[in-house]
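I opened my notebook to record what I looked up in this structure. My entries follow the order in which I went through it.

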Amino acid sequence: MEFNVVIGLEMHVEMNTKSKMFSSAPVSYVAPSNTCLSLLDMSFPGTLPSVNKQAIVNAIRLSHALHMEISDILTFERKNYFYSDLPKGYQITQAFNPIGKNGYLTLNSGKIIRVERLHIEEDTCRQFHIGNESYLDFNRAGIPLFEIVTLPDITSGSEAKEVLETIRSMVTFLGISEGKAELGNLRCDVNVSLSEKGSNKLGHKVEIKNLNSLANIQKAVDYEISRQSNLIKEGKSIKQETRRYDEAHKRTVKLREKVDAVDYKFFTDPNIPPIKLSKEFIKDAIDSSLELASEKKVRYKALGLNDYDSSLLVNSKDITDYFDEGLKTGCSVKLLANWINVDVQAILNKENISIKEFNISSIELGNLVLLVEQDKLSNKQAREILLEAHSSDKKIEKVLQERNFSLVNDEAKLLDIISELLDSNPQIVTDYKEGKDHVIGYLVGQVNKVTNGNANPKIVHKLIIQEIKRR
């Protein structure tokens, strides 16, 4: 029995604005609990909301990146419900007229995933449960949020993960969110339903709540597809319910059944009149947007990088910022990309640090790459300098002065060394002339041994070929 899989996502992205959506209280993820508050956040009588202008700019930029129709009229509604994390008893949101609608994003496969809407709302406070007690941290209450809702075009866990990865890339490269699931910046609810192939009848929708990691979204969706398909094969019905993902047991667990849709009694917030956005305001927000990862990748390929190296760089906005800054030294684009993707990344992975925590500046690395490019240092020497500068927390220039590295470029001296090696290993000449090119690498290694790795590899390679052909 085969099934049609229908999946839709509801993604919540916290913005990195300096203040909250409707109050002047600061946004912070490291401040002590309940210290980033205003009277409005706690719903004191007589307080009035004030719309965060930067949040509107952010929403316009993300809507544009998602190819959405952007509304020039801002309206906000109250979503009424009672819960301990909602001090006002309602949440200010955009129920009727989202700022962005009818957009799409494209997967690596070329498949189009339609995005129904993007709207702005305020976050709730954070709850902690310890034993039989619950604690509330109102620092999060009122932080600006995007809610992004896709249409049910997704058919697998891997596609669901890629959609979330794409959204995370967009918000981080646009500079409008940290996009860190572990901090709660990026959360996702997934709706999954199955029906028999060929059937026009849609299956019951199961919602998986609060998935907060890219790995878990794929695991949860794949498990849920398997669970539902097994139930259908056994002749059992799928109940419309809300579930959560149990990471420890790698399965979804029932939270509650969904019987009737909740009536939130939406109505226009009387304290926030409709706001008209001018064409100039919308255009300025779009024109001043930062480059998306896809745009950076196009630029890097135009500079001469291949698809692989470009893709590695655009995995992280911080890495691309580091790379762009390093290019200001005038060093080779390809060499710098290779050093960052291989040597620097190896250090970051080994020490489990980010590029922002790396103690070698991009300008220092660019200048080091320039020395290699100018044949003033070998790759081996440059790597030693990089590792020593990093481990000792010294500037690269200081290590260069202390080590006094220099390449042996004297062709006469190098030719003497090569001649002696060939005299004592005549078989190398015979092997090379029989097509065994690997002997060149062996001979280069022997020259490096004699010169302690200081021989210019380009000159050595050229002289070896010349001397072997002469014999």
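**Entry 1: hairpins**

I am working from a predicted model, where local features need pLDDT of at least 70, side-chain atom pairs count only at pLDDT 80 or more, and totals for chains, interfaces and linings use all residues. Residues are numbered from 1 along each chain as its sequence is written, and side-chain values use heavy atoms, with hydrogens and water left out.

I noted the rule for pairing: DSSP must find at least two bridges between two strands. The labels are DSSP runs numbered from the N terminus, with helices (H or I) of at least four residues and strands (E) of at least two. E13 and E14 form a hairpin with four residues between the strands. There, Lys250 takes a positive phi near 55°.

Next I checked strand E8 (residues 126-130) and strand E9 (residues 133-137). They run antiparallel and are joined by five bridges. Gln127 stands opposite Leu136 in E9. This hairpin has two residues between its strands. Gly131 sits in the turn, with a positive phi of about 65°.

**Entry 2: an open sheet**

Which order do the strands of the three-stranded open sheet have? I read E5-E4-E15, with antiparallel pairing. Strand E5 (90-93) and strand E15 (267-268) stand at the edges. Each has a single partner strand, so one side of each is left without a neighbour in the sheet. Strand E4 (residues 77-80) is joined to E5 by four bridges. In that pair, Glu77 stands opposite Thr93.

**Entry 3: cysteines**

How many disulfides does the structure hold? I found zero. The test is a pair of cysteine sulfur atoms within 2.5 Å. I looked at Cys36 to see why. Its sulfur is 14 Å from the closest cysteine sulfur, in Cys125, so it is too far for a bond.

I also checked accessibility, where buried means under 20% relative accessible area, exposed over 50%, and partly exposed in between (1.4 Å probe, protein chains only). Cys36 is buried, with a relative accessible area of 5%. Cys331 counts as buried too, at 6% relative accessibility.

**Entry 4: Leu107**

I found Leu107 in the loop between strand E6 (100-106) and strand E7 (112-122). Is Leu107 buried or exposed? Leu107 is buried, because its relative accessible area is 4%. I then listed its contacts, meaning heavy atoms within 4.5 Å. Leaving out residues up to four places away in sequence, Leu107 touches Ile113, Glu159, Glu162 and Val163.

I turned to the helices. Two packed helices are described by the angle between their axes and the distance between the axes. Axes are lines fitted to C-alpha atoms, for helices over the stretch in contact, and angles run from 0 to 180 degrees between N-to-C directions.

Helix H7 (residues 317-326) and helix H9 (residues 362-373) have axes that come within 8 Å and cross at roughly 55°. That makes H7 oblique to H9. I wrote down the classes: under 35 degrees is roughly parallel, over 145 roughly antiparallel, 65 to 115 roughly perpendicular, and the rest oblique. The crossing is right-handed. A crossing is right-handed if the near helix is turned clockwise from the far one by less than a right angle, and left-handed if anticlockwise. Tyr322, Glu325 and Gly326 in H7 meet Ser362, Ile363, Leu365 and Gly366 in H9.

The axes of helix H5 (residues 293-302) and H7 come within 12 Å and cross at roughly 35°. H5 passes H7 in a left-handed crossing. Lys296, Arg299 and Tyr300 of H5 make the contact with Thr320, Asp321, Phe323 and Asp324 of H7.

**Entry 5: two loop residues**

Asn352 lies in the loop between H8 and H9. Asn352 is not a glycine, yet has a positive phi of about 55°. At 70% relative accessibility, Asn352 counts as exposed.

Asp375 is in the loop between H9 and H10. Its phi is positive, about 60°, although Asp375 is not a glycine. Asp375 counts as partly exposed, at 25% relative accessibility.
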